[in-house]
Amino acid sequence: MRKTTAVAGVLGLTALALVGCSSQPLTPEGCGRVADSAPSVMGAVDASGASTSVPQSFVADEAAHLDLEEGAGAVIESIDQAAVVDISLVDAATGAELPYVVTEGDETKVVPLSALTAQMPGLEPALACAGEGSRFVAALGDGGIDEALAAQLQQAGLSGDASRMLAVVDVHRVLPGAADGSPVYNAGHGLPSIVRSPEGVPGVVVPDAAAPTSTAVETLLKGDGPALAEGDVVTLHVQSVDWTSRSVGTSTWTRESPATAPLAEIGLPEEVVSALDGATVGSQVLVVVPDGESGATIWVVDLLGAAAAS
């Protein structure tokens, strides 16, 4: 489980740099993806028609995958990211096919990839470096599904044998694991600064000064995605820190899963909701909300995605 902190002296945290080099968007090939990870295994899979067929004798001891379509969008770099996917399971032992994750075109149905791989660890290698818009077939391999899912599959009429199981996956959206915008220079004095781990987990450095008496807002990273529109379903990582005690309060990072909901329903203070009005996807926003006495709550919000409610 990730750990968050309100101080800077933590291994792995690096100070925000305002300079850097530009880079081209990562591609599946540049990430290291292989289109057919095990030709001798995946050669038995026929995915040329409307449904995927596989001989009843099919067995995969190890996880493998076969790309059917290569996506040109954002790339899955870590299972700590979230995505919108459709998944069907195909059982070679019984010939049955079972819809497992169904979005019906609803791009607000964001799921943490770590939740999927907790149930299907055999899917993790196939997700690595897959691009948004891709479609692939994954053999889950021996031990590729957990016991609880195996029991559910058996109740649904499938064998529950992971070595006989295939997953057909469509990747519709890939969200970043953390805000990935460009650093913004802020001239404000007396406000907290943010340090980030290599994975983007924020740490808050609280200055040795009095808390502000009015709400303060800074955009720390400016994303190049679309601006939030009224009614959007957003995906956020959020962390709050008490100015006085330096302790972490609310944090989606500790549960390794961002929050996805209409902005007004996530449970953020009104001041934070207002500060995010017009923010662009990929941004990180700092909001300091005074408590009316001598303290304040510091909020750091990573805006990972937004989609119109269906």
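Predicted model: local features only at pLDDT ≥ 70, side-chain atom pairs only at ≥ 80, totals over all residues.
The largest nonpolar core comprises 27 residues. Within this core, the residues with the most contacts are Val-85, Ile-87, Met-120, Leu-123, Phe-136, Ile-145 and Val-169. Six elements each contribute at least two core residues: strands E3 (82-91), E6 (135-139) and E7 (165-174), and helices H3 (113-119), H4 (124-127) and H5 (147-155). Strand E7 provides the largest share, five residues.

Ile-145 illustrates the packing. Leaving aside residues up to four places away in sequence, Ile-145 touches Gln-119, Met-120, Pro-121, Leu-140, Ala-150, Leu-153, Gly-160 and Ala-162. A second core is separate and holds 17 residues. Among them are Val-238, Ala-275, Val-287 and Val-301.

Two salt bridges were found in a search of the whole structure. One pairs Arg-33 with Asp-67, with 2.7 Å between the closest N and O atoms. Arg-33 sits in the loop between helix H1 (28-31) and helix H2 (39-42), and Asp-67 in strand E2 (residues 64-69), so the bridge ties together parts 34 residues apart in sequence. Arg-33 has a relative accessible area of 12% and is therefore buried, the cut-off being under 20%.

Arg-135 forms a salt bridge with Asp-170. Here the closest N and O atoms lie 2.5 Å apart. This pair links distant parts of the chain, with Arg-135 in strand E6 and Asp-170 in strand E7, 35 residues apart. Arg-135 is partly exposed, at a relative accessible area of 22%.

Notes. Residues numbered from 1 in each chain as written. Heavy atoms only, no water. Core = buried A, V, L, I, M, F, W, Y, C linked by side-chain atoms within 4.5 Å. Buried < 20%, exposed > 50% of the residue type's maximum accessible area, 1.4 Å probe, protein only. Helix = DSSP H or I, 4+ residues; strand = E, 2+ residues; numbered from the N terminus. Contact = heavy atoms within 4.5 Å. Salt bridge = Lys/Arg side-chain N within 4 Å of Asp/Glu carboxyl O.
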